[in-house]
There are 4 protein chains.
Amino acid sequence: MIDAYGHVSLRSPRNPERYYLARSVAPELVQVDDLIQYDLASNPVDANGRESVLERFIHGEIYRARREVMCVVHNHSPSVVPFSVTGVPMRALFHMAAFIGEGLPNFEIREVRKGTDLLIRDSVLGKALAATLAAKPAALMRGHGAVVVGENLPRAVGRSVYLEQSARMQMQALMLAAPGGGSITFLDDAEVQASAARQDYYRAWPLWRAKALNRP
Amino acid sequence: MIDAYGHVSLRSPRNPERYYLARSVAPELVQVDDLIQYDLASNPVDANGRESVLERFIHGEIYRARREVMCVVHNHSPSVVPFSVTGVPMRALFHMAAFIGEGLPNFEIREVRKGTDLLIRDSVLGKALAATLAAKPAALMRGHGAVVVGENLPRAVGRSVYLEQSARMQMQALMLAAPGGGSITFLDDAEVQASAARQDYYRAWPLWRAKALNRP
Amino acid sequence: MIDAYGHVSLRSPRNPERYYLARSVAPELVQVDDLIQYDLASNPVDANGRESVLERFIHGEIYRARREVMCVVHNHSPSVVPFSVTGVPMRALFHMAAFIGEGLPNFEIREVRKGTDLLIRDSVLGKALAATLAAKPAALMRGHGAVVVGENLPRAVGRSVYLEQSARMQMQALMLAAPGGGSITFLDDAEVQASAARQDYYRAWPLWRAKALNRP
Amino acid sequence: MIDAYGHVSLRSPRNPERYYLARSVAPELVQVDDLIQYDLASNPVDANGRESVLERFIHGEIYRARREVMCVVHNHSPSVVPFSVTGVPMRALFHMAAFIGEGLPNFEIREVRKGTDLLIRDSVLGKALAATLAAKPAALMRGHGAVVVGENLPRAVGRSVYLEQSARMQMQALMLAAPGGGSITFLDDAEVQASAARQDYYRAWPLWRAKALNRP
């Protein structure tokens with residue numbers, strides 16, 4: 001669910017006022033030497049001439065607002081964008097993406113600034129996005145994609161993987177339910193709480209890691 | 001149709017009271033040393049510290065209830081989940097998945113226990129799932145996926161592959177038929193019986209096996 | 001558009017009363033030694049213990065009925081099956097699949113024999129399918145797939161590739177056109193004739209061949 | 001979004017009256033020795049017996065009409081064709097394809113010549129296509145595909161990649177919005193201008209290039 005423009009950051013485990021994000025390069029090509037350290041205002045600490053990602057303010061402002069978040073993923077999840085532009089709310093219908101049941105806000109950049117290229121190019125936009133995200137595990141970004149957070153890397157990545165898959169499933173369920181006038185059984189609140197709390201995506205992690213390290 | 005969370009088990013050919021299931025690892029990464037033997041209560045016989053799959057009770061309780069079943073597949077088949085949450089019945093329209101015509105029940109875990117994470121974490125839930133499955137070749141699991149069984153490995157795997165494909169075809173057929181007010185020609189009972197009895201998926205097996213052994 | 005069950009045959013360039021078809025094995029695994037020669041009644045000439053494809057009568061009866069056909073492809077083209085079960089006619093809307101504009105019949109096996117497994121297991125069914133195909137470049141097979149023919153290998157394969165792609169495009173066009181009450185611009189008869197006559201798929205052939213020879 | 005029939009050309013950086021286009025071969029198989037130089041009337045300058053692409057007039061006539069264009073891509077983008085045959089206008093709803101908001105014309109070849117195979121086989125058709133394209137970044141071609149231009153290679157390729165992706169997203173958004181009577185939030189004019197001007201797809205280029213050079 002990450003194209004050449006997605007990015008994944010990690011808060012430093014040693015200093016909560018710092019985070020790591022690769023220089024501006026497609027995720028599939030990132031190497032260890034591409035990692036840059038930033039402070040929470042998203043100023044690079046050790047850039048040494050490497051180009052920073054324009055939208056790093058997504059990461060810095062979320063780390064500032066959410067002390068428990070250790071990982072932030074931004075992507076252009078293709079099945080999520082249609083929800084972001086129609087206002088149809090994403091809902092939890094698949095247990096692997098039960099976290100959707102906590103409610104995913106949709107960030108409308110126009111409410112903060114008009115006439116933008118939709119990118120989070122500064123801390124004003126970053127703070128507004130973090131405010132929209134509030135305490136949720138993810139937020140849609142209208143016409144742009146999504147931001148997904150977690151207490152660790154597997155959780156933020158796993159939520160991103162299954163957010164995309166659940167979006168496809170919900171579109172299909174809406175299509176199936178409509179002709180027959182039927183309804184969709186979403187996870188109820190108790191199921192969301194039971195599932196979202198436990199789901200760590202640890203079982204998938206070694207596989208995803210192996211595939212990610214198998215470079216082009 | 002198997003993501004990092006599916007699992008496939010085999011009943012022991014030597015002892016019908018035992019089955020084999022890999023430790024908790026993504027199917028693509030399974031090695032011979034990952035196989036654990038279980039009794040039909042799903043207690044590990046030879047775990048030696050290896051972590052068991054939480055949902056092993058799916059397997060044990062089906063082997064207990066269905067003496068002819070030698071293989072059980074559990075998956076999160078993405079095109080099947082939308083059927084499981086809408087109550088639209090899956091029907092046989094593709095000869096490779098004629099077994100659907102025997103009727104696939106949909107397991108609603110809420111009828112057994114409320115507020116779960118939808119996982120089959122104990123033998124009570126496993127027995128309920130096996131009771132829903134009854135004598136059928138597969139059952140949907142609401143908001144979760146499916147369980148598919150067979151008298152041998154190729155048959156359970158082949159049914160899983162074509163269950164997913166048939167689900168996509170049925171969604172497309174419903175979409176095509178709707179605007180023109182048309183109807184869908186499903187396999188009739190005689191066709192289902194003629195096809196389902198003979199279909200062993202043996203022709204596909206060497207190809208699937210070759211691909212599965214080509215690891216990441 | 002060929003899964004483990006598709007098959008491709010060639011009429012012998014030396015003897016029009018013979019054709020070649022691989023033994024019963026998934027197409028991706030076929031080797032030269034798998035080729036068996038058949039007469040037009042689909043009796044193997046040189047089987048030497050190798051297992052014949054059950055549905056070889058598709059090939060033999062078409063070669064018997066259509067003297068100009070040198071290649072027959074049978075497949076389970078996934079986007080074509082939904083058309084075969086809904087009676088929605090496939091129409092030409094993409095120039096690479098202009099041959100669809102010649103009109104594709106849909107073979108309903110029930111009109112010949114009831115209660116089958118939908119397979120073309122003998123020459124009676126093969127002759128009926130060939131009669132349905134008549135002089136057309138392809139025919140749908142209800143709940144099963146398609147048969148596609150050509151004066152040479154690239155043409156029959158190219159038509160198969162673009163039949164699948166055009167089916168997807170037509171489903172999408174029907175979906176797009178419906179809400180707005182719009183209509184679809186299909187290729188007209190003159191365009192079909194101009195395009196179908198010239199389209200040999202020769203440009204694609206070296207690429208498809210290179211990919212097909214890159215085995216699992 | 002390029003199948004065996006797409007083609008990409010570059011205007012010569014040394015002589016604006018010349019462009020380079022590979023001989024008639026699938027793009028995935030192109031080697032340096034396949035490049036042929038053409039004048040703007042699409043006469044080969046150095047063919048040396050190599051077969052020219054029939055539709056080279058697409059390229060020559062656009063370079064003639066649009067002095068700033070340095071790269072032309074022609075493809076059969078599968079999700080774009082359904083728009084081309086239904087008259088549903090493509091609109092900008094994803095920031096990576098904001099250029100769609102400049103308005104994409106749809107070339108109807110019948111208005112120029114009836115009964116064609118839809119190919120741009122001569123300069124009359126090439127000039128008509130260039131006139132339809134006018135000053136826009138791309139044009140649909142009814143029942144055929146699209147032509148996409150740019151001031152450099154990454155921009156024309158990037159627009160092609162995201163045109164396909166945006167077409168899929170728009171089809172899904174239309175499907176989502178319809179049942180609830182909802183509407184779609186497209187990028188507004190100011191957003192289109194802000195985004196389209198800046199979007200150079202440079203970040204993606206090294207990844208696409210690495211993948212393209214990884215031949216079959």
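Predicted model: local features only at pLDDT ≥ 70, side-chain atom pairs only at ≥ 80, totals over all residues.
Chain B brings 31 residues to the contact, and chain C brings 38 residues. Together the two bury about 2800 Å², and carbon and sulfur atoms account for 63% of that. If you want to know where the area goes on the chain B side, look at B:H95, B:L176 and B:R203: they lose the most area to chain C, together 29% of what that side buries.

What about charges? Between chain B and chain C you get five salt bridges. One to click on is B:E191 with C:R142, where the closest N and O atoms sit 2.8 Å apart.

Which helices of chain B do the touching? α4 (153-177), α5 (189-198) and α6 (205-212) each supply at least two residues to the side of chain B that faces chain C in this contact. The top contributor is α4(B), with eight residues. By class, that side of chain B splits into 19 nonpolar, seven polar and five charged residues.

Now the symmetry bit. Chain B goes onto chain C by a rotation of 90° with 0.0 Å of shift along the axis, and the RMSD is 0.0 Å. The two copies are therefore related as by a four-fold rotation axis. And who in chain B comes closest to that axis? B:M175, with its C-alpha at 5.6 Å. The copies use different surfaces here, by the way: 3% of the contact residues of chain B recur in chain C.

Not every pair of chains meets. Chain A and chain C don't touch, and their nearest C-alpha atoms are 11 Å apart. Chain B and chain D have no contact either, with closest C-alpha atoms 11 Å apart.

Next, A against D. Here 38 residues of chain A meet 31 residues of chain D. The buried area is about 2800 Å², with 63% of it on carbon and sulfur atoms. On the chain A side, A:Y5, A:V85 and A:R110 supply 21% of the area buried against chain D, more than any other three residues.

The salt bridge count between chain A and chain D is five. D:K211 with A:E28 is one of these, and its closest N and O atoms are 2.9 Å apart.

Seven strands make an open, mixed sheet, in the order β3-β2-β1-β4-β7-β6-β5. β3 (35-39) and β5 (106-107) of chain A are at the edges with a single partner strand each, so one side of each has no neighbour in the sheet. How does β5(A) pair with β6, residues 138-141 of chain A? In the parallel sense, over two bridges. If you zoom in there, you'll find A:F107 opposite A:M141 of β6(A).

That's my tour, thanks.

Notes. Residues numbered from 1 in each chain as written. Chains lettered and ligands numbered in written order. Heavy atoms only, no water. Contact = heavy atoms within 4.5 Å. Buried area = accessible area lost by both parts, 1.4 Å probe. Salt bridge = Lys/Arg side-chain N within 4 Å of Asp/Glu carboxyl O. Helix = DSSP H or I, 4+ residues; strand = E, 2+ residues; numbered from the N terminus. Nonpolar A, V, L, I, M, F, W, Y, C, P; charged D, E, K, R; others polar. Least-squares fit on C-alpha atoms with pLDDT ≥ 70 in both. Pairing = 2+ DSSP bridges.
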